[in-house]
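Below are some notes for a colleague who will look through this model. They are set out as numbered points, to be read beside the coordinates.

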Amino acid sequence: MSLQVVVLCAGKGTRMKSEKSKVMHEIMGKPMIEYVYEIAKEVSDKKPIFIVGHAKEQIESYFKDKVEYVHQDEQLGTGHAVILAEKKINENDDVLILYGDTPLIQASTIKKLIEDKKDDTPVTILTSMVDNPFGYGRIVKDINGDFVKIVEQKDANDEEKLIREINSGMSYISGKLIKENINKITNNNNQKEYYLTDLFEILKNNGNKISTFFIEQDEIMGVNSRTQLEDARKVMSKRINSFHMDNGVTLISPESIYIEKDVVIGRDTIIYPNNILRGKTDIGNNCILYAGNEIVDTVIKDNVTIRTSFLEESYVDEKTTIGPYAHLRPKSKLGKKVKIGNFVEVKNSIMGNNSKASHLAYVGDGDIGDNVNIGCGVVFVNYDGKHKNRSIVKDNAFIGSNSNLVAPVTIEEKGYVATGSTVTDNVPANSLCIARARQVIKAGWTAKKKLLD
């Protein structure tokens, strides 16, 4: 029997006070609903069914054809959402019902639920034990520990209010039972809504066995406000950081380090406080990230050291050092043992092995060979007002301090550019380029002009 995942994500989320769909608010760099989607894809080979309503176009634009959609234009309760989805449910499937605003449920939990499911139990309710159950539906069981019913807070008597096992809202139900019984739910209540919990009472009364499956409290955490969004982010961040530490990464003051879920970090890498690692960043073994870096969608190989710098969409090869206060802009590629020093910016450029730009330089749209020295204050002048052009600096060349390379221009192998030159023509191999006015001394000039009187 296959599994169909149904995700309820139609709610408006008024407490978020936002024009954005509640489930599209991000946790650690991803919309919260994407975490639920990833679990659905991990446990089932079927496209998940998203029941969308408020700001549905935002969800549909993000996921496109990765999921199937059911429109709940008028939100009349969780039962109403499943009623609308009933036609897309196959009676031969089991159905896992999740919520788009409950992003902390884990795939490992769902897999264990599936493994533990008994053939004679067509319905399983996911429950949790909480210290303060106020506001939650209580799970009432008999003396043998078997499920009896769910009692909402407003309907619970004094004894039932003491129950700490609560309904998470998530459930695992036979598709056949959903199709046969979901339309029996009514809205005979003060809110005039259709509640999914009523389905369990109907199934119980029809003689179906209902079991419960216990999950940790943090996995049922719903997000309905900005405060809860941050609470969920803290839990997710702690999980991610713990994963890396368990796999051989040293995080110093991990609560100050922000690492998104898709980031990969190798063993024996040390990360100091206040680092931000985002997107598809991949960091190798034995790296050191000192305090204050932000690294986005960048590949960093082994034994790299980075200090207080910003790297985005770049590639850094082994044993390279970067910073402090350097900026690698998109499409920068550094070779092995490269040095990028203080206040150096690199953009859309390649630097070969053992080359260096130690301080105060701009390397834009350049192809730089091996063993090249780029001096202090060098500027790759890559823009003529209409087009970006490239400069080529070949192996073992030397670019003296405060020089300008006006692209397109090529410095051939072992070419040497004297300090203060503005280079507009190609420099042949093994040649010295001096491109500056000859120094002139005019003795007594300041006295003649009376500039110091």
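Is Leu251 buried or exposed?

1. Leu251 is buried, having a relative accessible area of 8%, where buried means under 20% relative accessible area, exposed over 50% and partly exposed in between, with a 1.4 Å probe and protein chains only. This is a predicted model, in which local features need pLDDT of at least 70 and side-chain atom pairs count only at pLDDT 80 or more, while totals for chains, interfaces and linings use all residues. Residues are numbered from 1 along each chain as its sequence is written, and side-chain values use heavy atoms, with hydrogens and water left out.

2. Leu251 belongs to strand 12 (residues 250-251); helices (H or I, at least four residues) and strands (E, at least two) are DSSP runs, numbered from the N terminus. Neighbours within four places in sequence aside, Leu251 is in contact (heavy atoms within 4.5 Å) with Asn241, Met245, Ile257, Ile259 and Ile271. The C-alpha atoms of Leu251 and Ile271 are separated by 5.0 Å, although these residues are 20 apart along the chain.

3. Strand 41 runs parallel to strand 39 (residues 416-417) and is joined to it by two bridges, and Leu432 in strand 41 is the bridge partner of Tyr416.

4. Helix 8 (residues 226-246) has 21 residues, which at 1.5 Å a residue should span 30 Å, and the 30 Å between its end C-alpha atoms agrees with this; the expected span is 1.5 Å times one less than the number of residues. Its buried residues are Leu229, Ala232, Val235, Met236, Ser237, Ile240, Asn241 and His244. Their cover includes strand 2 (26-27), helix 1 (32-43), strand 12, strand 13 (258-259) and strand 14 (264-265). Helix 8 is followed by Gly248, which has a positive phi near 100°.

5. The second largest pocket has a volume of about 370 Å³. Of its 16 lining residues, those closest to its centre are Gln106, Met236, Arg239, Ile240 and Lys261, and helix 8 supplies the largest share of the lining, five residues. For reference, on a 1 Å grid over the protein atoms alone, a pocket is an open set of points where a 1.4 Å probe fits, with protein on both sides within 12 Å along at least five of seven lines, and lining residues have an atom within 4 Å of a point. Grid points are joined across faces, edges and corners, and the volume is the space filled by probe spheres set on the points.

6. Some backbone geometry deserves a look. The peptide bond from Gly323 to Pro324 is cis, with omega near 5°, and Pro324 is in the loop between strand 24 (321-322) and strand 25 (327-328). The bond from Ala407 to Pro408 is likewise cis, with omega near 0°, and Pro408 lies in the loop between strand 37 (404-406) and strand 38 (409-411).

7. Asn274, a residue other than glycine, has a positive phi near 65°; its place is in the loop between strand 15 (270-271) and strand 16 (276-278), and Asn274 is partly exposed, with a relative accessible area of 49%.

Key. Two strands pair if DSSP finds at least two bridges between them.
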